[in-house]
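Reader: I am new to this structure and would like a close look at a single part, the place where two of the chains meet. Please take the charged pairs along with it.

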There are 4 protein chains.
Amino acid sequence: MGKRVDVGRVLETKEEVLAALDRFEMETPSWGYGSGGTRFHVVRQPGSARTVWERLEDAAAVHRFTGCAPRVAIHLPWDEVDDFPALAQFAEEHGVRVGAVNPNLFQRDEYALGSFTHPNASIRRKALAHVRHCVEAMAATGSNILSLWLPDGTNFPGQDNFLERKCRLEEALRETVEMLPATARLLIEYKFFEPAFYHTDIPDWGFALLLANKLGPQAQVLVDLGHHPQGTNVPYIIATLLSEGKLGGFHLNSRQYADDDLTVGSIDPYELFLIFREIVAFFRTTAGATASAPIAYMIDQTNALKPPFLAMVQAVIRAQELYAKALLVNEEALREAQHAGDLVRAEEIVREAFFTDVRPLLAEWRSRRGVPADPLAAAVAYQEKIAAGRG
Amino acid sequence: MGKRVDVGRVLETKEEVLAALDRFEMETPSWGYGSGGTRFHVVRQPGSARTVWERLEDAAAVHRFTGCAPRVAIHLPWDEVDDFPALAQFAEEHGVRVGAVNPNLFQRDEYALGSFTHPNASIRRKALAHVRHCVEAMAATGSNILSLWLPDGTNFPGQDNFLERKCRLEEALRETVEMLPATARLLIEYKFFEPAFYHTDIPDWGFALLLANKLGPQAQVLVDLGHHPQGTNVPYIIATLLSEGKLGGFHLNSRQYADDDLTVGSIDPYELFLIFREIVAFFRTTAGATASAPIAYMIDQTNALKPPFLAMVQAVIRAQELYAKALLVNEEALREAQHAGDLVRAEEIVREAFFTDVRPLLAEWRSRRGVPADPLAAAVAYQEKIAAGRG
Amino acid sequence: MGKRVDVGRVLETKEEVLAALDRFEMETPSWGYGSGGTRFHVVRQPGSARTVWERLEDAAAVHRFTGCAPRVAIHLPWDEVDDFPALAQFAEEHGVRVGAVNPNLFQRDEYALGSFTHPNASIRRKALAHVRHCVEAMAATGSNILSLWLPDGTNFPGQDNFLERKCRLEEALRETVEMLPATARLLIEYKFFEPAFYHTDIPDWGFALLLANKLGPQAQVLVDLGHHPQGTNVPYIIATLLSEGKLGGFHLNSRQYADDDLTVGSIDPYELFLIFREIVAFFRTTAGATASAPIAYMIDQTNALKPPFLAMVQAVIRAQELYAKALLVNEEALREAQHAGDLVRAEEIVREAFFTDVRPLLAEWRSRRGVPADPLAAAVAYQEKIAAGRG
Amino acid sequence: MGKRVDVGRVLETKEEVLAALDRFEMETPSWGYGSGGTRFHVVRQPGSARTVWERLEDAAAVHRFTGCAPRVAIHLPWDEVDDFPALAQFAEEHGVRVGAVNPNLFQRDEYALGSFTHPNASIRRKALAHVRHCVEAMAATGSNILSLWLPDGTNFPGQDNFLERKCRLEEALRETVEMLPATARLLIEYKFFEPAFYHTDIPDWGFALLLANKLGPQAQVLVDLGHHPQGTNVPYIIATLLSEGKLGGFHLNSRQYADDDLTVGSIDPYELFLIFREIVAFFRTTAGATASAPIAYMIDQTNALKPPFLAMVQAVIRAQELYAKALLVNEEALREAQHAGDLVRAEEIVREAFFTDVRPLLAEWRSRRGVPADPLAAAVAYQEKIAAGRG
């Protein structure tokens, strides 16, 4: 507590920026390649992937076109297969690897009143059995992240006892961490509301951090950008979690209202840039330089109206573009303006990076990586192919 | 504009209050008797109605147990039948009538980009054809309310042209009103967001009122209690619509966050009481006494976790209880305190009515109506029967 | 109702864009040159203007440095002078003109329970007398806009009668419009909440539009960007008001939470760009081309932490920059993508304009107008002078 | 972590309930007896206290009329006196004691960019010196609570470095805790926003808890009911803090929108009842029974429109009334319904307590305590006296 923060360095040369871009890798979600929707309707989009194999093919194509999405997150039982090593090998042959494994604790009637927090111990045991299966799938696929989202909560005042639920939750999470091999991490996701509409058992970053601190170094917090109350300053949450060594990863997406799960960067691109800027700045400090685990940048968007594959490519190149802008903030000049109390200059320094045209930089990066100069154009051609081929 | 508001009378005798309760009738929704849920999962609840006939039976049972829910709203095509007059007769034989008819413009892929506002005229024509079918069903069932909720909106900046959409919307609504017989009303529902997540074509009461004013006396506004931004003062919207002669009806439910569709009165019962108080006060004024059309009190709640039938009885008796409390506000004393600028007394007068125990009053009312003294107990017995019988 | 929207033209040459920029003129507020703050504290900022003359000098300097802020809004009694024609002449000698006149109906104890809506008629008459004085000041200064913000509302359920308040409000507004010369406009501002915390008498655009429609062609709606519930799609409100011929003007500022009154463009620049895009697109249509009154772009920001003059220059150049980007949207290509249902392309077209570097364009514009190439640098020098000179 | 929660007992006799009411004591704030307002205007209310002595007299009168407000919180420098022991003695002679001491770190220009988090170490030292003075005042007045609210935050992206601010904050808080005698507690208040409008350094319960956990057993969290994002489930936060042993106290008030500081219980009384219910239930468990420090129930409301003294009495009797209702929840029956998954019954049990008429119970309690049967009537008489006497 209370240790000093040293000054972050400015990336001085284009080479340094390009090298920093090399280190920014994303993970796309297998479930983001199928048709998405709302509680009212799911629109069948042309070219939607129908099997886990098609989902992996699409994820591989995204990486082939963008060069910065080398992993794919899977979701069980949606991506359940008999032979997980074969799945991992299929992925590798297509140029990607399996990323986070996501248990599903919300699609059975028995979880209606909770999974890890259910009043009935036998349901909690079932939930933990499923999680154990996911941990086994991690070992079989080479994944080292268990990405846990609990839908648990209540819909009505008095429905259940908050104190008891917290005890049940902590017990189940402790068991979960104990299942993990030493090299794996548990990422705990929080969410303000939905599908529970009165209270949610892990409603915010503070609750998730409280749990992660109790669970030890293998547990970290996962930040889904759509899971906050309106107005929440998300960059500040990011900085706080970084300083506590507990920022495990992201579910990237956009929102105007609630957990809208819109395409990354579509609503308020400045906010996402500011989030990336906190991370970039942190990793230039001494504390950041010695941080052990990398941040898992995972995309999590639903596509009710766009072809999912196209939207995924759009998401990846936008995130990369905004990250590139964040790399350009002159942190030394900024620190100087901050210490001088010069708010106008400080703000202008940040905005200047945001409005810098990074297209030439990204063109150079793509050229060196041997990926298409216009990933979206390549994606449109692929989309036409799958739209035709998948009926 | 600017006409004076006269003082509302106090209901002086118990008889007057009981008579006022007689006039408070609700409508339950056929779709509220089936299993509900979220985009993540729909829980199959025991005893959920499986056919339109079971839904009508349940609605009739609600009325039998409560005495104040004599109508049932239907939703097409969910309640589609070959012979609508037979449906109406079935309802009548069970002691209820068909209330509002609700078109469904959100469950087909072709409506993904809009129904009344779709860029493609042929889709708009299909939507209007469905609405015409609903108007025919109204005639065949004796319904005089077309209750219209449009899911229309966009998910991304630039997705469509706002000005064009408004033109299309106004045209389709004009056609809709022209379909109606002279005795029927069109209720226009608004919603802040969902299923569209960037903009919604009819997002708030002001837009709905603007449309209703253009469409003439047959068009009014429908207020769903869950369709407002957080913090919105709904009682004030109610008073405003009343003063403009455009409050057509309600979708009653509760919310903590967004359009949560929780059981009526479960989250903030004081707010619902204050809403009813505005109505009660208005109808005691001269303007209110001459208002032509009654307000349609329709329940619209989803029940992911409760047996739907039980939750409906709970909703009906709570709404009646809060309405009874609203009848007890001493409007004369209140007006006096208001004109004296005595805020403390004014507030206490309102709160006193809210915290008055109305159970004796309701017991008397139920006894006179010949309905069970404890409607919820009667409902539990019925619920056990349908849970067993419907498998 | 229902007339067709024609396709907007693309600005084909740089000359067209520069000419469009010429027509984008802002108005800065005299009250924005003094120290601002919160209910907790007002920080005395160096160089804050102390008199109406200093405020006009600062406004003139903003225009001198930016070339696009030729008017200054005044606020009575804050800018009260004995000789208004002399004030107008002073302004003109410094290169600016008096813009909107803003009555103050919130800084007297007698307005605690309302101004136009106060239960006591004598208070309402006082409020109207002050408004009449403002209308006289308009005549004396050459202003043709009365910009009206009412703080009216209540803090507690039951405090006052909503129906009566609406009647009082409509009466007072009718009297206000009758005071105006035929060439003047009344702009009606709305606000979600504050300083009233239970209900606000004009809480949203819909209520303001309802009033403006009743009051006739001289009344229009004023949109303050900080006066909406979180999540509100403001660009859609703008398009709606434009299509109704009732968008009178703006109070430009930024917000993260409530009515934060932060520097224009500092929180979500994409949103302001999208607002401008609606306007630019509208004025390219036939309906827009024949719109009678120009939109009054007024800045309204408080500066608790920045020197107010600097923040004002920052605001003006940011607004101009975002407006310039809005001019670059390829509306024809956008319309095509929209009609084809190509959401990905439509969105990319809009984003491309937003991320276009308009600095060369603005440099050219400034050079032609003879204003400094770097207005902010010029402003810093001026700021140092007033900070030293005003003690 | 993970210890079992035992079943809370039902209060079986009226005597038990009356005894539980005896233990519910509130603290009124000295600053709540003066005129309050908004950033737009402060209304001078009749009878507003003008000196610290009048404020203590009013607080004493509140306790005399209600019997449950025996302490008064003070705020420095607002309540600064030369002789704090004399202040304490004056209070005691009037029947009350000094409660929490509240430092003021927001009313000096030098705190514009922060107090504990200010970039400049000399400002941080000044802030700490003021806090030390407050700790001395605690010793001199017999107070054992330091109630700390920091206004610290930023208004613009880039204004200051989040990581550095967190370090400064933690250092200053550690120094603060070290100042305290072993029997005293530090209560850390959090706030979503205002007066800072981009980020707030202690924005939510999670951040406050993180700090309190680092600072050790003397540090706890203070919950102001108006300091949360809309929709936040506050009862769940209460339960969480209780289970962590870190719920230090409350600032009780009401809100419709932001930090509105309205009279306790005026907007959503059901929510406050549910908050109290969590506490009542917790203290019936084994963990609760052994909790060391009592919860400090402090009122913190602003009165722009009501005479402050009257509003304070209103607040105290409402809070007591809602607490009494919370005591009546049949926790055993509730637990049973919860474990049976009977949501309808569980909810009805909670609602039944809320709608129980507790006036007879409170009449009995007041009679035994020798306080007026109608505290508000007594307050009106006192209010008339001070309104006349204080000019």
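Author: A polar contact is a pair of N or O atoms within 3.5 Å; within protein, one must be able to donate a hydrogen and the other to accept it, and residues adjacent in sequence count only if both atoms are side-chain atoms. By that rule, 18 residue pairs are in polar contact between chain D and chain A, both residues being at pLDDT 80 or more.

The model is predicted: local features need pLDDT of at least 70, side-chain atom pairs count only at pLDDT 80 or more, and totals for chains, interfaces and linings use all residues. Residues are numbered from 1 along each chain as its sequence is written, chains are lettered from A and ligands numbered from 1 in the order in which they are written, and side-chain values use heavy atoms, with hydrogens and water left out.

On the side of chain D that touches chain A, the elements giving two or more residues are α5 (162–179), β7 (199–200), α6 (205–215), α7 (234–243), α8 (269–283), α11 (331–339) and α12 (343–354) of chain D. Helices (H or I, at least four residues) and strands (E, at least two) are DSSP runs, numbered from the N terminus. The largest share of this side, nine residues, comes from α5(D). Its residues divide into 28 nonpolar, 17 polar and 17 charged; Ala, Val, Leu, Ile, Met, Phe, Trp, Tyr, Cys and Pro count as nonpolar, Asp, Glu, Lys and Arg as charged, and the others, Gly among them, as polar.

Chain D and chain A each bring 62 residues to the contact, where contact means heavy atoms within 4.5 Å. Between them the two chains bury about 5,600 Å², 61% of it on carbon and sulfur atoms. Buried area is the accessible area (1.4 Å probe) that two parts lose on being put together, summed over both.

The interface of chain D and chain A also holds six salt bridges, a salt bridge being a side-chain nitrogen of Lys or Arg within 4 Å of a carboxyl oxygen of Asp or Glu. One joins the side chains of D:Lys166 and A:Glu244, at 2.5 Å from N to O.

Chain D is also linked to chain B: D:Glu347 and B:Arg318 form a salt bridge with N and O 3.1 Å apart. This pair crosses from helix α12 of chain D to helix α10 (residues 308–327) of chain B. Both D:Glu347 and B:Arg318 are buried, that is, under 20% relative accessible area, with exposed meaning over 50% and partly exposed in between (1.4 Å probe, protein chains only). Shared partners join the salt bridges of A:Asp160, A:Glu164, A:Arg165, A:Arg168, A:Asp201 and D:Arg335 into one network.

Over all chains the structure has 136 salt bridges. Among them is the pair B:Glu25 and B:Arg71, with the closest N and O atoms 3.4 Å apart. B:Glu25 lies in the loop between α1 (14–22) and β1 (26–29) of chain B and B:Arg71 in strand β2 (residues 71–76), so the pair ties together parts 46 residues apart in sequence. B:Glu25 is partly exposed at 27% relative accessibility, while B:Arg71 is buried at 17%.

Another salt bridge joins B:Glu170 to B:Lys166, at 3.3 Å from N to O. These two residues are four apart in helix α5 (residues 162–179) of chain B, which means that about one helical turn separates them. Both B:Glu170 and B:Lys166 are buried.
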